Structures are given as structure tokens and as C-alpha cells.
Amino acid sequence: MADKLIIFDTTLRDGEQSPGASMTKDEKLRIARQLERLKVDVIEAGFAASSNGDFECVKAIANAIKDCTIASLCRTNDKDIARAAEALAGAERARIHTFIATSPLHMEKKLRMTPDQVFEQSKLAVRFARNLCGDVEYSAEDGYRSDEDFLCRVIEAVINEGATTINVPDTVGYAIPELYGNFIKTLRERVPNSDKAVWSVHCHNDLGMAVANSLAGVTIGGARQIECTINGLGERAGNCSLEEVVMALKTRRDYFGLDVGIDIKHIVAASRMVSQTTGFVVQPNKAVVGANAFAHASGIHQDGVLKARDTYEIMRAEDVGWSTNKIVLGKLSGRNAFKQRLSDLGVQLESEADVNTAFARFKELADRKSDIFDEDILALVSDESVTHEHEQYGFVSLSQHSETGERPHASIVFTVAGKEVRAQSDGNGPVDASLKAIESHVKSGAEMVLYSVNAISGSTESQGEVTVRLQNSGRVVNGVGADPDIIVASAKAYLSALNKLQSKADRVAAQG
Ligand code: KIV
Ligand code: ZN
């Protein structure tokens, strides 16, 4: 029988650490449900001790998801570990994931600890965690740049204390596939009790090699867990991308010879959900999930594919969920068809009343736009007025005037804590005028660091999906809004970003 490879998804923890990718509890729950449909083995739901908000997210996911192991990250101190265990109490299968840096640079400059102190703290942390949970992962942060002798000593000790998984991250994306694979191999050969734990890889993508490094950790090093994220989301250049590494393992099973439990037909829906939730647009030429990943533009390729698909296709688009990328509903579709489509997309609304609200929004949209695609439905249910996230700011209506040679003007009505307010402003363009109108009332003082518009389903008839990234007092958030009118979409995105800034401020305050 082939070995099983564990897929550990950290979209909701490491992925969320990308600047602006922070997600609300409802958004995280929705993604966790999609990860469960995808059949990932482990979902890292967050870092419970980092804030009350994160604690609540881990707890909600631990209570809701039954088919995956749920992990919470924590530092190697008792308070963090106990908080993780508390958040995970409702999980069918829980994992405490404790980490500390082991490289000379991180120990000296960041932790200001001696190697002996890190050694002792690692042992005590794993001992304490094992008393609370049977499944404990130990991560040596910046493991790849750590001293080999020291790392062997630490790993042997934590396995003796009961660590069940040993993770050796390439935290800064510095590794080269062959070198990383050999590093893991050497550690496994040198640590006397290495066979008592599963070995794991966690690679960042700073040099674009996270997937290759992870695979080398498996083939050369003998690791049997890969840590990854949907769309490769993560700190800086991101993490190993789940869809790429999984499709490499599945497509080249002849070479890897490993079993991966992922149900690949949900990959595209998961990718879209993460992109629409975080506002991180997927590049068109991204492997597996990019809009062009299966598009054949050149005549020679098209001709070849028409004659025999495998001339230019090594994977089938429909196998990873692209077949669902078609007109799915229209004006005449009923509530049941709509509900069925939501369920096919992995969207679970909280109550029948929420389904009714979403259906009413769907009908409004179908009146304005003849063909409704999956992307439209996902954008619609991400809308805060459907998800009932009790937000500070909500969009009501907007009018604007722009004409060649005149300065555009916008008037907007929106809610602040449930009460309607009106504001107006001029601007360089109609979008600028609308956002300035909101800001003239809210006075957030936030700086806009990114504004992008994307046609959800490719044509001018489609909804525009706008991402607005705001920065204020060191906090960075992305707001996303969708509407066939891109000025309205922009206003919704701006209000959504203001809501996230507000909820992030609450999270930080709750910590103190
Ligand atoms: O990159 C890293 O080292 C991490 C650890 C906390 C696992 O994310
Ligand atoms: Zn990481």
C-alpha cells in the first residue's frame, strides 16, 4: 500500500498573515467548510492566543468541522498552549501546534534567548501540550537556517516528550529543493527516535520554490506532511500552494507514489472563495486555478487539443472544478435551484431567513444581468447584508454625475451603526468622488494603498469586483465589493474595508 501524505492547510492562519488578508469569523467558517469538502487532513484554524477574535474563530471552527483535524498555533509558553487547548475543546480531532525559532539569528536577535533556553522551553512546552492533547506538532521556526546539531538535539528531545509531528519550516523561503530535501533526510537519519513522529514541511515562496521545496522534502527527505495554503496565500510571497502541490502529486502519481486524500473537484471553488473573501486576485496564468490555466489560445494548440486532448493537456479542467464555470442560473431560476447551487458551492447560510435575503439579492441581480455565474453567487453571499455580520457601515444607495470637462460629483447614502447618513463630494473621477464622500463623513484618516477592479466573469456585462486596501495605525485590511456598477462596487469595498479596520481595532483592544 502506498504511503499517505497528510495535507495540512494553513490558509486561515499563515494565509491570513498576508497584509490585508484578515478574515471575519463568518468568512473563516465558510472557508473551513470548503476545506472540509476538499477533504484536507488538517485545518490550521488560527492562533487562539493572539486575540479574542482569533480564539473565537478557532473555537467556532473546532465546533463546526467534524471531518478534519483542527489545529491552533501557539508559542511555547503555558498560557498560549492552554488557550489553544481551550479553543479546540469542541473538536472531534484537535492538534496543538507549538513553535519557537531555532536559528542562531532568530534566537539571538528576535527571542534574545540562548540555545539552551530554547531547548528547555521546547521540551517543557511539548510536555505541557501533550498533557492537554494527544496530537502535538512542534515547529522549529526558521528551521532550515538552524544549526544541524542543535536542531537534532531539540527534535530528539521533543519527540521524547511526545511530539507527534515535527515540522521543519523554511520560514524565509531561502531553500533550494535538493538542499532542503537533503536537510530533512539528514535530520531524520541523525535523530535516533525520528521514526516516532511524522515529519512535515512548511515552505515559503520568496524565491518561487515553495512547491518544489515541499516536494523535495517529501521525495528526498521522507516527510509525510505538507503545509500549504489555497492560492499560495501567506506572508510576503506566500506559502506552498495547495492546488499546485496536490495536482503535482496526483498528476505525477507514477513518480511520487503517494496517496493524497484531497477531493480535487472542489479546488476551483475553494480558490475562488479565498480570492473573493480576501481580495487577493488570482493571476490569470496561475497553475491549476488561474483563468488561463486551461485556455489554449494558439491555433496549433487548439487544433491539437481538438484532435486529442492529451496533446497539450496534462490535467482535465473539469476534474479540478472548472466545469462548474458556466452559466448556472438566470432570471427564471427558482429558490430551490438557487439553494442547490449554494450547497454545490459549499456555501452554508445560517438560517432560512438568510437564504431568503440571498435569494432576493440574487433576483435583483438577475434583473440587471442575464447570466449568473458561480462567481456572482459567491460574491453575493460574501456581501455583509447577506451574511449578517453586524457591521458598523452598510451601503444603501449612490448617485453620481460625470461628464467630459466637468469635475465628477457623487452623493451617497450609507448606514452607520444602523442609522442612515448622507454625504457628498467632488473627486477626480466618479469613484474618487464616491469614496471621498464616504470619507468626508467617517473621517477614518486611513490611507488607501491599493485599489483594483476585476470583471468577475470576464465581460462588460459582468459584475465588477473591487478590492480596496486601507492602512491605518499599522493595520492593513482589504475590503471587497461587487456590483454590475463599478462605482457602487467601489463604495461597497470601501465600506467593507472600514468595517474590517474597525473590527481589527476591536481585536487589538480586546487583547490588551
Ligand atoms: O513560517 C513559519 O515558520 C511558520 C511557523 C510558525 C510554522 O509559519
Ligand atoms: Zn509560515
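This is a predicted model: local features need pLDDT of at least 70, side-chain atom pairs count only at pLDDT 80 or more; totals for chains, interfaces and linings use all residues.

User: Which elements give two or more residues to the shell around ligand 1?

Analyst: The shell takes in residues with a heavy atom within 4 Å of the ligand. Around ligand 1 sit Arg13, Asp14, His97, Phe99, Ser139, Glu141, Asn167, Pro169, Thr171, His202 and His204. Helices (H or I, at least four residues) and strands (E, at least two) are DSSP runs, numbered from the N terminus. The elements giving two or more residues are strand 4 (94-101), strand 5 (136-141) and strand 6 (165-170).

User: How much of the accessible area of ligand 1 does the protein cover?

Analyst: Start with polar contacts, meaning pairs of N or O atoms within 3.5 Å (within protein, one must be able to donate a hydrogen and the other to accept it, and residues adjacent in sequence count only if both atoms are side-chain atoms). Oxygen atoms of ligand 1 lie 3.0 Å from a side-chain N or O atom of Arg13, 3.1 Å from a polar side-chain atom of His202 and 3.0 Å from a side-chain N or O atom of His204. On its own, ligand 1 has 260 Å² of accessible area, and the protein covers 94%.

User: Is Glu141 buried or exposed?

Analyst: Glu141 is in a salt bridge (a side-chain nitrogen of Lys or Arg within 4 Å of a carboxyl oxygen of Asp or Glu), and its partner is Lys110, at 2.7 Å from N to O. That pair links Lys110 in helix 4 (residues 104-111) with Glu141 in strand 5, 31 residues apart. Buried means under 20% relative accessible area, exposed over 50%, and partly exposed in between (1.4 Å probe, protein chains only). At 16% relative accessible area, Glu141 is buried.

User: How many residues apart in sequence are the parts that Asp149 and Arg190 tie together?

Analyst: Asp149 and Arg190 form a salt bridge, with the closest N and O atoms 2.9 Å apart. Asp149 lies in helix 6 (residues 148-160) and Arg190 in helix 7 (residues 177-190), so the parts tied together are apart in sequence by 41 residues.

User: Which element gives the most to the nonpolar patch?

Analyst: Patches are made of residues with over 30% relative accessible area and no salt bridge, where like charges are joined within 9 Å and nonpolar side chains (Val, Leu, Ile, Met, Phe, Trp, Tyr) within 5 Å. Here Met448, Tyr451, Val453 and Ile486 make a nonpolar patch of about 310 Å², with areas coming from the Shrake-Rupley method and a 1.4 Å probe, and for residues only the protein chains shown counting as cover. Ile486 is found in helix 18 (residues 486-511). The most, 3 residues, comes from strand 13 (residues 447-455).

User: Is Gln463 buried or exposed?

Analyst: Gln463 sits in the loop between strand 13 and strand 14 (464-472). Its relative accessible area is 5%, so Gln463 is buried.

Conventions:
Residues are numbered from 1 along each chain as its sequence is written. Chains are lettered from A and ligands numbered from 1 in the order in which they are written. Side-chain values use heavy atoms; hydrogens and water are left out.
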